[in-house]
Amino acid sequence: MLAIVKGATDERILISQLVRDAIAAIGANATWEILQDADVSDDNLAQLQQDWQSLEFTVPIKQAMMFERVEQLQQLAQFRKSSEKFNELWGYYYTTHTPRRGDFLKKRSLSLRKWDELRWRWFWSYQDEVRGLQAFQVVVDATRMA
């Protein structure tokens with residue numbers, strides 16, 4: 001398990017780092033079981049300790065967050081340029097029929113979709129971009145502090 005965790009250190013996708021953390025948590029439980037076994041040699045215990053100490057978590061998660069930040073910028077640029085991409089993100093919230101009373105998510109009329117897209121593209125997309133970058137920066141700074 002620890003070899004898998006170490007081998008995935010350079011993964012830049014955030015979910016890969018989260019899976020890596022989960023595998024390490026499972027490995028911690030297995031390590032506890034090993035420590036309870038009286039038949040484990042001192043050499044094996046020393047190797048286990050060295051394996052745990054060789055793992056790095058802070059830098060890889062910070063790098064994954066920075067990669068995700070770049071990905072977000074590229075996605076926003078695509079949403080601004082392409083109505084098709086915009087519709088992939090927001091298309092669910094539009095409908096050709098009037099929503100039924102009591103629907104949890106009220107859907108907007110399909111006739112408003114193009115107008116909403118233009119307003120978002122011209123006025124709100126850059127504010128959304130700044131807010132997204134600020135949120136990512138908070139996480140990156142917190143990771144650096146760790």
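Reader: Which helix gives the largest share of the nonpolar patch?
Author: Helix 2 (residues 14–36), with 3 residues. Helices here are DSSP runs of H or I, at least four residues, numbered from the N terminus. This is a predicted model, where local features need pLDDT of at least 70, side-chain atom pairs count only at pLDDT 80 or more, and totals for chains, interfaces and linings use all residues. Residues are numbered from 1 along each chain as its sequence is written, and side-chain values use heavy atoms, with hydrogens and water left out.

Reader: Is I15 buried or exposed?
Author: I15 counts as exposed because its relative accessibility is 53%; exposed is over 50%, buried under 20%, partly exposed in between (1.4 Å probe, protein chains only). I15 lies in helix 2.

Reader: OK, which residues of helix 2 are buried?
Author: Q17, R20, A24, G27 and T31. They pack against helix 1 (2–7), helix 3 (42–53) and helix 4 (58–81).

Reader: And what is V5 in contact with?
Author: Leaving aside neighbours within four places in sequence, V5 touches R20, I23, A24, L55 and F57, where contact means heavy atoms within 4.5 Å.

Reader: Switching topic: where is E117, and is it buried or exposed?
Author: E117 sits in helix 6 (residues 113–145). E117 is buried, since its relative accessible area is 0%. With the neighbours within four places in sequence left out, E117 has contacts to S82, S83 and F86.

Terms used: Helix = DSSP H or I, 4+ residues; strand = E, 2+ residues; numbered from the N terminus.
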